[in-house]
Amino acid sequence: MASIRIEGLTKAFGATRAVDEIWLDITDGDFLVLLGPSGCGKTTLLRMIAGLVEPTAGRVILADRDITYLPPRERDVAMVFQSYALYPHLSVERNIGFPLRAARRPKAEVAARVREVATQLELDGLLGRRPRELSGGQRQRVALGRALVRDPAAFLMDEPLSNLDAKLRTATRTELTALHRRLGSTFVYVTHDQVEAMTMATRVALLDGGRLEQVGTPTEVYDRPASVFVAGFLGSPPMNLLPATVAGRDGRVVVTAAGVDLPLWPGTADRQGVTLGIRPEHLRVLPAHTAADDAGADAARLSGTVTGLENLGSEEVGWLALDTAGPSAAGARGAAVAVRGPRPLGLTLGARVSLTVAPEHVHL
Ligand code: ATP
């Protein structure tokens, strides 16, 4: 078992709380991705699990053993760094075998294990080369091999793909997912790239300002963000967020955002200072001639002017300035929203359009 329990883990650098009392259960066999913007504390959290940074408070429990203050090499975890941290003067073979030689394993065992790992990572033909004679992708695989060779209980990875070009990054994502499935070990993986998180993770932990905002499967955190931060971090473009108020009127819950009333659900509720969230792919562009009733009985409507268009290949993103309702706002440009869908969206720069959204796709 290689579950990792993080109990109230905190790291302060002077007045900065880089990691602020994080509680997190990483299940055996999880591919847990720590995701968040630059400076949110993900590297510091990973380094505390690795034993490279000493916590200010809290504990790290690996498979029911308190490892909080154990030196890195006694932890049964292996770390893969962004920079790969290979020994430049050693061959691929000696780089991969290094942790076993350092642990004074018998020569024959080291040789056999290095061959095994090299085959697994398709490095067989490169064992005699030095790191400088390898491509970025090959170096990354050697760094991975050095972690694999020890057969650790958990792999800790700090942005291991960030030095690869876009194409290789995509291919390596697939390889890492396959490797994780094959090994069945626990992976803890740091990135600020949401595509890496969404495609590889079994669970994603979102961090902001040293605090844990949400943990869940990629689908859960995308479909049901627990905070405005998570909603605004995930998605490309991210979720449209508008300040709103909620009031019960005529047996409906009416959300008012950007000066427009959206009667959404049956019921009553009164709330001020709410944020309305709609994903760009959930806004539907209505053809110009559509009458109010044709939009669907339950669909809420917004209207605005097209201010920008982005061609993404198979899809397109349109940017709109919403109309601001009320006589005083005539001619004023309101909040910006993005709409995303298969190309062409049917939008023209400067044109006025109406958008609808199904009530089930509205987040408050
Ligand atoms: P990035 O994606 O940019 O690597 P991160 O989420 O991994 O960011 P950390 O490297 O964990 O963030 O840093 C979290 C906070 O702690 C930052 O404000 C950083 O400046 C601060 N910090 C990190 N290491 C140290 C240190 N050794 N001394 C002082 N402050 C530090």
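Where is Pro 344 placed? The points below take up that question and several other local features of this predicted model.

1. Pro 344 sits in the loop that runs between β18 (333-342) and β19 (352-357). The bond joining Arg 343 to Pro 344 is a cis peptide bond, with omega about 0°.

2. A cis peptide bond also leads from Ser 236 to Pro 237, where omega is near -10°. Pro 237 belongs to the loop between α8 (228-233) and β11 (240-249). For background, most peptide bonds are trans, and most residues other than glycine have a negative phi.

3. Tyr 84 is not a glycine, yet its phi is positive, near 70°. This residue lies in the loop between β6 (77-80) and α2. Is Tyr 84 buried or exposed? Tyr 84 counts as buried because its relative accessibility is 6%, and the cut-off for buried is under 20%.

4. Glu 122, likewise not a glycine, has a positive phi of about 55°. Its place is the loop between α3 and α4. Glu 122 counts as exposed because its relative accessibility is 63%, where exposed means over 50%.

5. Helix α2 covers residues 92-102, and its buried residues are Val 92, Asn 95, Ile 96, Gly 97, Pro 99 and Leu 100. Which helices do the buried residues of α2 pack against? They pack against α3 (107-120) and α4 (136-148).

6. Just after α2 comes Arg 104, which takes a positive phi of about 55°.

How values were computed
Residues numbered from 1 in each chain as written. Predicted model: local features only at pLDDT ≥ 70, side-chain atom pairs only at ≥ 80, totals over all residues. Heavy atoms only, no water. Buried < 20%, exposed > 50% of the residue type's maximum accessible area, 1.4 Å probe, protein only. Helix = DSSP H or I, 4+ residues; strand = E, 2+ residues; numbered from the N terminus. Contact = heavy atoms within 4.5 Å.
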